[in-house]
Amino acid sequence: MRRTFLALACLATFLTACELSLAGDVIPPPEAVISSQGPAEPIVAPKLPLNLQNGAALYADSCAPCHGLSGLGDGEQADELPFFPAAIGDPDLARASSPEDWYRMVSQGRLARYMPPFDATLLPQQRWEVLAYVYSLGMDAAALERGTELYAENQNEADSLLEGLNPLTMEQSSLEPLDLAEEDLAALTGFLQARALGIELSSESAAQQPAATETGGDLPAFGSFRGQVKYGSGEGPLPAGLQATLSGFDHSEPAFTEIAEVSPGGEFAFTQIPLAPGRIFFVQVEYEGQIYFSEFMTAEGAETQFDAPIIIYETTSDTVQLVVESLQLVFDYYAPDVVRAVQRVSISNLGDQAVVPDETGSPVLHFQLPPQAANLAFEEDALGERYVAEEDGFGDLRGVLPGLNSYSLLFAYELPYVDGLSYSLSIDLPTQSLAVLLPEGKLELQNDGFQLIGTQALEGTTYRVFAASTGFQAGEAVPIMIRGQHPLGGGGFGWLADDSLLLGLAALTLAVGVLWLWVRASPARQPESILEEIAALDARYESGKIGKRAYSTRRAKLKRSLSQALDQGGKH
């Protein structure tokens, strides 16, 4: 049996194309969560030399159906998605982040874009190998050849500068003492990373495209699906009356649905289930208003027994265990006298309970908008569906699973702009990092708490990135003050300037996602602000406003941040 998360791509089609009621047994409602999500694992460097042929086979099996054989986003399943998959074979995209960033993306996935996490299905070595193959698709042969020449000319000095550094996680700035042109620095860095990934200029394997893997074949007529429902937050008796629902889909068409009772011990079973080549299976369980899914499965070969465990969580409406890991504001000056603010929020749940709407069904995730905001739009769903209109903004009905970055939201709104913009950005949760992006030019961010940390190219436009020097407490209002003449008629994301805003938001997700990985290297927070946050956290724990596990996890993370800040302070 091969478990494949490619079913998520098909599920994306179901969510957008099928007109079934939320009470149905197949289409997950807005509050649905996938129980395979979990805390992110640390980066594990490859322990063995990487084999590009192994990576090519894995790519053909798990990536090519959506991303295409050449990685250009033109796979056979791409047309079934509500947006085109990322062109991961594009050289510009390959250079946008380091192999470490790509590895993290392969491991954690991007469920907001229906890219599954592969940390549960591929070993670290396999993830590095498929990453290496993807990297080879976007490798610029001329730049790689130039990097080879530069390394031969500067080998001794380069090796000295790189002593103790891993090429897969190194920064290009490590080679700046070589006094090379920016283009040559990039070429040399690319060569070193390619060599660490097993990509060679003369390697035929790097230029070959993987052959599509045939699936299906002579399958048995029937199979059985078994599993167990368990609490993700520890042991405990399951409630009576739980039911498990097995669904099968052929492409976007439902093939069948069957319901089984869950035993007091959590076991469930489905027998004599008809199999078919390419048929996608998954099991779901509803618990305390939330729907939890098993992994997605397809049948191959002669195997007829499939395991589908499901993790569920106790629920709470207390948001004390939530923290905003990152928030980005991209200002798009797409038309005269108006600016569009594109906002991305990533939230972690540091506790052991799923955070869900309260007993009245009201959302507990609230997002305030400036009073003058207009034309609110979302990457997913709309007001009246997943989102609830509120007096000063909107609320989100989706639950937040325990885990790092387990929730992500991308939305946009328009603001009037005449020589400047000033408003307060209200944040409902503690926030670790905040970045503001302005197009290069005469526009200025006039906030003392932000500092320019560099530039970032997004869809052909260069933006200056301003990062907040500290985090923010829950309920804190952050002033956003921009001054400068509106760049009339120009720049910005041109594809956001028409009525296809939702398509534009979908296209922006990858760019902003890559940006988040880049902003992680922004200046360290000040020790004083971290100490204040630790003191506030201690006070909340002592007053019983936060659970022990959430408190311990959060405090440990703050201590690590404090240690890093003190270390960096000692280097200056």
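Ser-346 counts as buried, at 4% relative accessibility, where buried means under 20% relative accessible area, exposed over 50% and partly exposed in between, as computed with a 1.4 Å probe on protein chains only. The model is a predicted one, in which local features need pLDDT of at least 70 and side-chain atom pairs count only at pLDDT 80 or more, whereas totals for chains, interfaces and linings use all residues. Residues are numbered from 1 along each chain as its sequence is written, and side-chain values use heavy atoms, with hydrogens and water left out.

The place of Ser-346 is in strand E14; strands (E, at least two residues) and helices (H or I, at least four) are DSSP runs, numbered from the N terminus. When neighbours within four places in sequence are left aside, Ser-346 is in contact with Val-323, Val-324, Glu-325, Ser-326, Asn-405, Tyr-407 and Ser-408, contact being defined as heavy atoms within 4.5 Å. For one of these residues, Tyr-407, the C-alpha atom is separated from that of Ser-346 by 5.8 Å, although the two residues are 61 residues apart along the chain.

Strand E14 pairs with strand E13 in the antiparallel sense over eleven bridges, two strands being taken to pair if DSSP finds at least two bridges between them. The two strands form a hairpin with two residues between them, and Asp-337 in the turn has a positive phi of about 65°. Within this pairing, Asp-332 stands opposite Arg-340 in E14. Strand E13 (residues 322-335) is largely enclosed by the rest of the structure, because 14 of its 14 residues are buried. Strand E13 is also joined by four bridges to strand E22 (residues 434-439), and these two strands run parallel; in E22, the bridge partner of Leu-327 is Leu-434.

A search of the whole structure finds five salt bridges, a salt bridge being a side-chain nitrogen of Lys or Arg within 4 Å of a carboxyl oxygen of Asp or Glu. Arg-340 lies in strand E14 (residues 338-349) and Glu-414 in strand E20 (residues 403-416), so the pair ties together parts that are 74 residues apart in sequence. Arg-340 is buried, with a relative accessible area of 4%, and Glu-414 is likewise buried, with a value of 10%.

Another salt bridge is formed by the side chains of Arg-464 and Glu-444, at 3.6 Å, N to O. Since Arg-464 lies in strand E25 (residues 461-468) and Glu-444 in strand E23 (residues 444-445), this pair ties together parts that are 20 residues apart in sequence. Arg-464 is buried, with a relative accessible area of 12%, whereas Glu-444 is partly exposed, with a relative accessible area of 37%.

A further salt bridge lies within a helix, where the side chains of Glu-149 and Arg-146 meet at 3.5 Å, N to O. These two residues are separated by about one helical turn, because they are three residues apart in helix H7 (residues 141-161). Glu-149 is partly exposed, with a relative accessible area of 38%, and Arg-146 also counts as partly exposed, at 30% relative accessibility. Together with Asp-184, Arg-146 and Glu-149 are linked in a network of salt bridges.
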